[in-house]
Amino acid sequence: MHSSKLHTRLMGSDFELIACGATEAIAARRLQEGVSEIQRIEALLTVFNESSVTAQINAQAGGAPVSIPPEVYQLIHRCNKISTITQGAFDISAGVLKKLFNFKYEHFTWPEKTAIDQAMQCIGFQHIALLNNHCIQLKRNGMRIEFGGIGKGYAADRVKALWIADGATSGVINASGDLTAWGTQPDGGPWKVGIAHPDDPGKALLWLPVNNASVATSGNYEQYVERGGIRYSHNIDPRKGWPVPYIKSVTVVSPSAELSDALATAITVMGPVVGIDLVNQLPDVHCVIIDGRNKVIQSDNIQIHAKG
């Protein structure tokens, strides 16, 4: 068994692909096919190109339905299902609101209530209509959708499916720490992903073996803002138009990179109690949360996946 590795920047993120094959040539070919597939999906979904499907949908917000490729229609359908099970904590229309809270700028000022109220009028997955013949309609003027919270996961799942269809018995797609892996490492051991220690992100607090699963982490140990004595995360609750109380990180393990990606975002918004309750109801989904005080909270069955 031979493996080939490639580091590259795609979808605004650092991707690492590890393809395996019976020969070096097969492994190298799979790498290139993987990169091409991610580039194809990026061109479909990006908001930075007016010809993308996402841009075409957004250009018609409040107007006529748009006919789109079946795969994007199905992706939006799945996004709306995740929005439903998370009671709106995950919402692909929330970008309008996030732009108001641009914490990245040094001179960040808290937005006025009127601006937040105005943005909230343009948000809500329930206003994304899935019509017949693969048509999508954004029902409100000013609505925008974007796939930043799920696009990398979707791309990873597509590459995995391509490689498996081509006979690959193992492989890894790592999108800036969101890891999809199946099979074993060349030495026969499991692929593993570390959850960073809150006080020393260079060290791992927990190791998760990843066997035919995807692990996604939402969180940044430094990113918070204080207001009125409360620490808020850089994540915004699309239901309230307000940043959520600070959690250091949320790590989700599930069979699908797309689902892990979206749930990590949603659970950050939902908070530990509601988030863990949801995870415990979902088959083959596990979660580890590190809260603002470094407390580690685990879903019911994660202990078989995690060890200190």
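**Exercise 1. Across which strands does helix 8 (residues 272–279) lie, and at about what angle does helix 8 run to strand 15?**

Solution. The model is predicted: local features need pLDDT of at least 70 and side-chain atom pairs count only at pLDDT 80 or more, while totals for chains, interfaces and linings use all residues. Residues are numbered from 1 along each chain as its sequence is written, and side-chain values use heavy atoms, with hydrogens and water left out.

Step 1. Identify the elements: helices (H or I, at least four residues) and strands (E, at least two) are DSSP runs numbered from the N terminus.

Step 2. Helix 8 lies across strand 14 (247–254), strand 15 (286–291) and strand 16. Contact here means heavy atoms within 4.5 Å.

Step 3. Helix 8 runs at about 170° to strand 15. Axes are lines fitted to C-alpha atoms, for helices over the stretch in contact, and angles run from 0 to 180 degrees between N-to-C directions.

Step 4. For a second case, helix 1 (residues 24–45) lies across strand 1 and strand 2, at about 25° to strand 1.

**Exercise 2. State the strand order of the open sheet and identify its edge strands.**

Solution. Step 1. Two strands pair if DSSP finds at least two bridges between them.

Step 2. The order of the eight strands is 1-2-6-7-10-14-15-16, with antiparallel pairing.

Step 3. Strand 1 (2–10) and strand 16 (296–298) each pair on one side only and are the edge strands.

Step 4. On average, neighbouring strands of this sheet are turned by 10° against each other, direction ignored.

**Exercise 3. Describe the pairing and burial of strand 6 (residues 171–175).**

Solution. Step 1. Strand 6 is joined to strand 2 (residues 13–21) by five bridges, and the two run antiparallel. Within this pairing, Gly171 is the bridge partner of Ala19.

Step 2. Strand 6 is also joined to strand 7 (residues 178–182), again by five bridges and antiparallel. Here Ile173 stands opposite Thr180. The hairpin of strand 6 and strand 7 has two residues between the strands, and Ser176 takes a positive phi near 50° in it.

Step 3. Five of the five residues of strand 6 are buried, buried being under 20% relative accessible area, exposed over 50% and partly exposed in between (1.4 Å probe, protein chains only).

Step 4. In a regular strand the side chains alternate between the two faces of the sheet. Gly171, Ile173 and Ala175 point one way from strand 6, whereas Val172 and Asn174 point the other way.

**Exercise 4. Classify the packing of helix 7 (residues 257–270) against helix 6 (residues 151–165) and against helix 8.**

Solution. Step 1. Angles under 35 degrees count as roughly parallel, over 145 as roughly antiparallel, 65 to 115 as roughly perpendicular and the rest as oblique.

Step 2. The axes of helix 6 and helix 7 come within 7 Å and cross at roughly 165°; the two helices are therefore roughly antiparallel to each other. Residues Gly151, Lys152, Gly153, Tyr154, Ala156 and Asp157 of helix 6 meet Ala257, Glu258 and Asp261 of helix 7.

Step 3. The axes of helix 7 and helix 8 come within 6 Å and cross at roughly 140°, which makes helix 7 oblique to helix 8. Leu263, Ile267 and Met270 of helix 7 make this contact with Val274, Gly275, Leu278 and Val279 of helix 8.

**Exercise 5. Which residues touch the most other members of the largest nonpolar core?**

Solution. Step 1. A nonpolar core is a set of buried Ala, Val, Leu, Ile, Met, Phe, Trp, Tyr and Cys residues joined through side-chain atoms within 4.5 Å.

Step 2. Of the 62 residues in the largest core, Ile68, Ile76, Ile128, Phe147 and Trp163 touch the most other members. Helix 7 gives the most to this core, with eight residues.

Step 3. Apart from it lies another core, of 16 residues, among them Ile18, Leu179, Ile195 and Ile290.

**Exercise 6. Is Gly241 buried or exposed?**

Solution. Step 1. Gly241 is in the loop between strand 12 (230–237) and strand 13 (242–245).

Step 2. Its relative accessible area is 0%, so Gly241 is buried.

Step 3. Leaving aside neighbours within four places in sequence, Gly241 is in contact with Leu97, Phe101, Ile116, Met120 and Ile236.
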